[in-house]
Amino acid sequence: MISKTEFDKKNKIELSAFSLKLIAMITMFIDHIGAILIYYPYAIKGQGVPEDIYVFYRVLRNIGRAAFPIYCFLLVEGLLHTKNKKKYALRLAGFALLSEGIYDMASNVLGIWEKQNVFFTLLIGFGVICGLKQIRESVKIQKEWQRGLLRLLVLAVGMGVAWLMKTEYSYNGVLIIAAMYEFWQYRVVGQLLGFCVLCSNPFTITGFALPLLYRGKRGPGGKIWQYFCYAFYPLHLLILYLIRITIG
C-alpha cells in the first residue's frame, strides 16, 4: 500500500484545511439550494420535480455530494490535532442541537422523528474514532485480537446509534469516518473505502479525492473563521428556508 508520506512526495498540488472547508461549505450550499428551493416545495404538494428543471436540480445535488466526505476528512484531522477532545465534542453537540430546529423547518420534518441533521452524524463519528484511538493507544490491552474485537464493537455501537437516531448519512457516515481514521497513514485506501460506501452516487468521488491533496497546512483563519464554519450550517439553512417561504 502507498503510505501517506509516499503519496505526498509524488503529488505537488496541495490544498489547505482552509481551502477544503471553503469547498465543503460552497458545495453544501449549492446542494441545499437544490433541496430546499427546488425539491421540497414540490414534495410538500406531493409532486415530483418537473422535467424542465429536473436536470438543473440534479446538477445542484450532484455538486453537493462532495461536501460530506470532506467534512468527514476534516473531522478526523481535527481529532488528530485537537488539544481538547471534550471541547471539540461539545462544539459538535452544541451546533447539532442549535441546528436541529432550523434543519427540521428547512426539510419539512418539524416535530417528526424522521431525520436528524448531519452534525449528529459527525458527533457520533467523532465519538467512535475517539474510542478507536483510545483502544489503539491502550497499554492494558496487549492481545491484538482483543483490540480488533473492541474496535469492531465501538464501530458497531456508533453505527447503531446513528441508525436509531436516523441521522443524515446514518451508519454509512459513521463507517466512512472510521475508515478514514483507521487508514489515515494510507490515505488513498481510506478515501477509496469511503467512496465504496457511498458509490451508489459516483459524484461523491470529488469529495473523497480532494482531501488527497491536503498536506497538513491549516491556511488562513483563526477562531472567528473556525466558529463561522460551524455556524454556516444552521445559518445557510435558515437563509434558504426564509427565501423559500418568501417566494412561496
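Which residues have the most contacts inside the largest nonpolar core? They are Leu92, Phe119, Phe126 and Ile129, in a core of 58 residues. This is a predicted model, in which local features need pLDDT of at least 70 and side-chain atom pairs count only at pLDDT 80 or more, while totals for chains, interfaces and linings use all residues. Residues are numbered from 1 along each chain as its sequence is written, and side-chain values use heavy atoms, with hydrogens and water left out.

**Nonpolar core**
- A nonpolar core is a set of buried Ala, Val, Leu, Ile, Met, Phe, Trp, Tyr and Cys residues joined through side-chain atoms within 4.5 Å.
- Buried means under 20% relative accessible area, exposed over 50%, and partly exposed in between (1.4 Å probe, protein chains only).
- Elements giving two or more residues to this core include helices H2 (17–44), H5 (85–106), H6 (118–137) and H11 (223–247); helices are DSSP runs of H or I, at least four residues, numbered from the N terminus.
- Leaving aside residues up to four places away in sequence, Phe119 touches Leu92, Phe95, Ala96, Ser99, Tyr230 and Tyr233 (contact: heavy atoms within 4.5 Å).

**Cysteines**
- The disulfide count is zero, a disulfide being a pair of cysteine sulfur atoms within 2.5 Å.
- The sulfur of Cys196 has its closest cysteine sulfur in Cys199, at 5.9 Å, which is too far for a bond.
- Cys196 is partly exposed at 45% relative accessible area, and Cys199 is partly exposed at 42%.

**Arg147**
- Arg147 lies in helix H7 and is buried without a salt bridge (a side-chain nitrogen of Lys or Arg within 4 Å of a carboxyl oxygen of Asp or Glu).
- The nearest side chain of opposite charge to Arg147 is Glu144, 4.1 Å away; Lys and Arg count as positive and Asp and Glu as negative, with His and the chain ends not counted.
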